[in-house]
Amino acid sequence: MIVKDFFAGLFFIGLAGYFTYALVDNMPNLFIESTTVWQYCVAFFRVALIIFLFNLGLALIKRFFKGNTVKNGNAR
């Protein structure tokens with residue numbers, strides 16, 4: 001149980017929340033007739049970044065609650 005993992009997890013979930021807010025705030029500008037393919041690609045990668053950051057935050061919080069009891073996993 002490392003407290004640093006818990007706060008890092010909260011940080012990454014908060015960062016994902018901020019990026020989600022920024023994406024949703026600009027969403028009406030995405031669906032206009034002059035939208036280029038590049039803007040759709042940027043929006044796609046922003047969503048991928050949000051999913052990655054949220055998943056990383058959850059993994060760190062899970063690591064905090066679970067603890068690192070096994071050093072090598074299932075190595076034999």
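**Helices H1 and H3**

Helices H1 and H3 cross in a left-handed way, meaning that the near helix is turned anticlockwise from the far one by less than a right angle. Helices here are DSSP runs of H or I with at least four residues, numbered from the N terminus. This is a predicted model, where local features need pLDDT of at least 70 and side-chain atom pairs count only at pLDDT 80 or more, while totals for chains, interfaces and linings use all residues. Residues are numbered from 1 along each chain as its sequence is written, and side-chain values use heavy atoms, without hydrogens and water.

Back to the crossing. The axes of H1 and H3 (residues 37-66) come within 7 Å and cross at roughly 160°; they are lines fitted to C-alpha atoms over the stretch in contact, with angles from 0 to 180 degrees between N-to-C directions. H1 is therefore roughly antiparallel to H3, a term for angles over 145 degrees.

Next, the salt bridge. The whole structure has one, defined as a side-chain nitrogen of Lys or Arg within 4 Å of a carboxyl oxygen of Asp or Glu. Arg63 and Asp5 form a salt bridge, at 3.1 Å from N to O. Arg63 is in H3 and Asp5 in H1, so the pair ties together parts 58 residues apart in sequence.

How values were computed: Helices (H or I, at least four residues) and strands (E, at least two) are DSSP runs, numbered from the N terminus. Angles under 35 degrees count as roughly parallel, over 145 as roughly antiparallel, 65 to 115 as roughly perpendicular and the rest as oblique.
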